[in-house]
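The sequence and the model are shown here.

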Amino acid sequence: MSTATTPPADAAAPVRHPDAPAPGELLGAHYEYCFGCGGGQPHGLHLEARAGEGVSLTAEFTVTAAHQGAPGLAHGGVLATALDETLGSLNWLLRVIAVTGRLETDFVRPVPVDTVLFLEAEVTAVAGRKIYSRATGRIGGPEGPVAVRAEALFIEVKVDHFIDNGRPEEIQAAMADPDQVRRARAFEVNP
Ligand SMILES: CCCCCCCCCCCC(=O)SCCNC(=O)CCNC(=O)[C@H](O)C(C)(C)COP(=O)(O)OP(=O)(O)OC[C@H]1O[C@@H](n2cnc3c(N)ncnc32)[C@H](O)[C@@H]1OP(=O)(O)O
């Protein structure tokens, strides 16, 4: 992988936030209309992430006919989305708001429709606003063959990143939703 996703020598080990969900707990969608995890997207991935030990998690997503690239096979961009979403979910455990700066993906084997892709991800290091992480996706379950791998660099942002850049219609709707506001506040109290 590239130097951009390799932590610098002075990077720190990631620290699990004391209020992070317990290992085994489902994280839930961060936004109802998220293409990766939201329930409000009929053709979305509906990816479900579960907290692991330390700053790690597991996630599952079932490849459907709506996710095809070639006949009967998952589109590579959809698989990259699954990795991106899984890696992004790690920020719940740090209680940091962050967006993907760089995502490097290896596609190791084709993933047929109806496959349950089992993903594992962990934060490897933190350096200032930069969060380094990696993920693996296996076919069928934790012991299945590796289909995809990724290394990523996420960059910490303030909630203003979304307010300043998102389409006003969706921003206003999100800010009018008490559940959404509660989720955003949980991150903002992070010192
Ligand atoms: C309410 C809850 C919601 C929670 C919502 C969570 C949503 C999760 C969804 C899943 C994840 C996504 O898909 S997120 C969506 C996809 N991603 C995006 O849309 C991000 C678009 N990009 C940006 O907005 C911007 O480029 C940022 C924020 C990433 C960085 O801009 P910035 O804030 O001005 O910071 P900047 O100074 O440029 O960069 C900070 C440091 O990071 C490095 N850096 C920045 N980008 C890169 C890069 N691509 N590759 C290497 N290094 C990089 C810089 O060199 C610098 O290092 P140094 O000089 O300090 O050493």
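## Basis and overall dimensions

The radius of gyration is computed over C-alpha atoms, and the globule rule is 2.2 Å times the number of residues to the power 0.38. For 191 residues a compact globule would therefore have a radius of gyration near 16 Å, and the protein, with 16 Å, agrees with this. Along the principal axes, the C-alpha atoms fill a box of roughly 45 × 45 × 30 Å.

The model is predicted: local features need pLDDT of at least 70, side-chain atom pairs count only at pLDDT 80 or more, and totals for chains, interfaces and linings use all residues. Residues are numbered from 1 along each chain as its sequence is written.

## Secondary structure and contacts

Helices (H or I, at least four residues) and strands (E, at least two) are DSSP runs, numbered from the N terminus. The protein has five helices and six strands. From the N terminus on, their order is β-β-α-α-β-β-β-β-α-α-α.

Two residues are in contact if their C-beta atoms, placed from the backbone, lie within 7 Å. Among contacts with a separation of 6 or more, 65% are between residues 24 or more positions apart.

## Burial and the nonpolar core

A residue is buried if 20 or more other C-beta atoms lie within 10 Å of its own, exposed if 12 or fewer, and partly exposed in between, with C-beta atoms placed from the backbone. Of the 191 residues, 28% count as buried. In soluble globular proteins, nonpolar side chains tend to be buried together. A nonpolar core is here a set of buried Ala, Val, Leu, Ile, Met, Phe, Trp, Tyr and Cys residues joined through C-beta atoms within 7 Å.

The largest nonpolar core has 38 residues, of which Ala82, Leu87 and Leu90 touch the most other members. Two or more residues each come from β1 (48-51), β2 (56-62), α1 (76-89), α2 (91-94), β4 (116-127), β5 (130-139) and β6 (146-156). Strand β6 gives the largest share, six residues. Leaving out residues up to four places away in sequence, Ala82 touches Leu45, Leu47, Phe61, Leu117, Leu119 and Gly137.

## Strand pairing around β6

Two strands pair if DSSP finds at least two bridges between them. Strand β3 (residues 98-107) pairs with β6 in the antiparallel sense over nine bridges. Strands β5 and β6 also run antiparallel, joined by nine bridges. Phe154 in β6 stands opposite Thr100, and Ile131 also stands opposite Phe154.

A hairpin is formed by β5 and β6 with six residues between them, and Gly140 in the turn has a positive phi of about 90 degrees. Gly144 lies in the loop between these two strands, β5 and β6. With 14 C-beta neighbours inside 10 Å, Gly144 counts as partly exposed. Its contacts, not counting residues up to four places away in sequence, are with Phe118, Arg138 and Ile139. The C-alpha atoms of Gly144 and His43 are separated by 25 Å, and the two residues are 101 residues apart along the chain.

Most residues other than glycine have a negative phi, and most peptide bonds are trans. His46 is found in the segment before β1 and counts as partly exposed because it has 18 C-beta neighbours inside 10 Å. Thr62, in strand β2, is 16 residues from His46 in sequence and 8.1 Å from it in space, C-alpha to C-alpha. Thr62 is partly exposed, with 14 C-beta neighbours inside 10 Å.

Asp114 also has a positive phi, of about 85 degrees, and is not a glycine. Asp114 is placed in the loop between β3 and β4. With 10 C-beta neighbours inside 10 Å, Asp114 counts as exposed.

## Domains

Domain bounds come from an automatic or database domain assignment. The protein is divided into domain 1 (10-157) and domain 2 (158-191). Their C-alpha centres lie 21 Å apart. Seven residues from domain 1 and eight residues from domain 2 make up the contact.

Ala, Val, Leu, Ile, Met, Phe, Trp, Tyr, Cys and Pro count as nonpolar, Asp, Glu, Lys and Arg as charged, and the others, Gly among them, as polar. On the side of domain 1 that touches domain 2, the residues divide into five nonpolar, one polar and one charged.
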